[in-house]
Amino acid sequence: MNHKITIFLPKGNLEENKTTISRLKQSSLVEKIILLGSDDDKLNADKIVNISDFQSTDTLKKIAPELNTDYALILLSDKTILPGQFMLERFLQVAENTNAGVVYSDYYESEQGKLHSHPVIDYQEGSLRDDFDFGQLLFVNAIAFKNAVQKMKSEFRFAGLYDLRLKISQNYPLFHIQEFLYTVEKKEQVGTEDKHFSYVDPKNRQVQIEMELACTEYLKEVGAYLKPEQKRIEFEDENQFELEASVIIPVRNRVRTISDAIKSVLSQKTNFKFNLIIVDNHSTDGTTDVISKSAKEDSRIIHIIPERKDLGIGGCWNEAVHHSKCGRFACQLDSDDIYKDENTLQTIVDTFYKDKCAMVIGSYQITDFNLNELPPGLIDHKEWTDENGANNALRINGLGAPRAFFTPILREIKIPNVSYGEDYAVGLAISREYKIGRIYHSLYLCRRWEGNTDAKLDISRININNFYKDKLRSIELLARKKKNYSEMKF
């Protein structure tokens, strides 16, 4: 059977569109090329379809009647795309062999004549992030596309494509070809916006509201939606703790910052007893000496050097949480950050009692090493609401900071022994059963500097991190389906 392909691409730069169209037209598989734009210059395309927002539901509904071939290739940006050898044939072959609804691949980026690899990752059931990196092309089964569009219940301006792939994923695999099938001409970057926090930037709030609605609708459809009925805790029944709170700092080789972190904890003013547990993961740069000196000067400091040599940040947390001197509430502070003022710890503990919650998440400010504020400034995660925070947590890539936990629950769950995503894993598990309290004003100064573990990560490390968090979401999604199924009344 001879299959044909319809190409859809957004109208952008005139010359870039011309180059992309001319290269794609060289393939005999291409039935027609449709430009999604807003003027009459077809640029050798076969047709132009007027749209206002490329990512909208309305655009997808305009594409559907134009899709009269077996497959569509949807370009996700207006950058110049240079197809690799037999790119379309390979997409078609894999789509046919796997019955995939969407096929995507790794690609190259071309910058000043040099090729740079840009691998992407496999799609999982838990790949619910709206910023999942599919690359620049989606090869889509036409039947899967049209069926998904017919099932769309909401009209989105920003979340249409996100809604599309969530609906396709319910009935078809989304398949990653681990081959570099095309090259993207890299544009010169304008500005240095840090996209790491774009999902909590106030200017993107409307986008996030739509993404949340689409994700929540999906969770309901697949049986993983949590109703806002989380358990509350009566702390008056918990009297087995000598101390009310412990601040926990896992650290390795932070001689430049650990003193500031320690001082910010010891300066806390509270109406309860607390201590500071520092888990020193075999530092070699003088950090150990700094901690030892501070511990001799203040008995509230417990300095732990683990016997184990295989601990990540999560493993260090486990050492502290299971220590006999750990308080009722275990409160997070990273070794290169500080609490904003002397009232942070009191505010956190008060929130536990007020909300009767198992976890408290605060808000923080992004600063440079010298504590000068950096954009976007306050990270408050206002997308977390009592009504839907536990569901929306499966879409976003982090829950906020500082984080604090009711120690008995943390001891029961156990923290994954990793150095990325361990806090997210625990937060997801807790939110499945218990209420999480939120504080929306700044409690914490988060330094961004060259020594951070997430500073200037290459694409391989970013992919490893993202794949792991998607795996955590996959686990949690299955756990929530199981929970809902077990609670069903027949």
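How many aromatic pairs does a search of the whole structure find? The search finds 19 such pairs, where rings of Phe, Tyr and Trp (its six-membered ring) pair if their centres lie within 6.5 Å, and planes under 30 degrees apart count as stacked, over 60 as edge-to-face and the rest as tilted. The model is predicted, so that local features need pLDDT of at least 70 and side-chain atom pairs count only at pLDDT 80 or more, while totals for chains, interfaces and linings use all residues. Residues are numbered from 1 along each chain as its sequence is written, and side-chain values use heavy atoms, with hydrogens and water left out.

One of the pairs, Tyr-107 with Tyr-182, is stacked, at 5.2 Å centre to centre and 5 degrees between the planes. Tyr-107 belongs to strand 6 (residues 102-111) and Tyr-182 to strand 9 (residues 174-185), so the pair ties together parts 75 residues apart in sequence; strands (E, at least two residues) and helices (H or I, at least four) are DSSP runs, numbered from the N terminus. Tyr-107 is buried, with a relative accessible area of 2%, and Tyr-182 is buried at 1% (buried means under 20%, exposed over 50%, partly exposed in between; 1.4 Å probe, protein chains only).

Phe-235 and Tyr-353 form an edge-to-face pair, at 5.2 Å centre to centre and 70 degrees between the planes. Phe-235 lies in the loop between helix 6 (205-222) and strand 10 (245-251), and Tyr-353 in helix 10 (residues 344-355), so this pair links parts 118 residues apart in sequence. Phe-235 is buried, with a relative accessible area of 2%, whereas Tyr-353 is partly exposed, at 31%.
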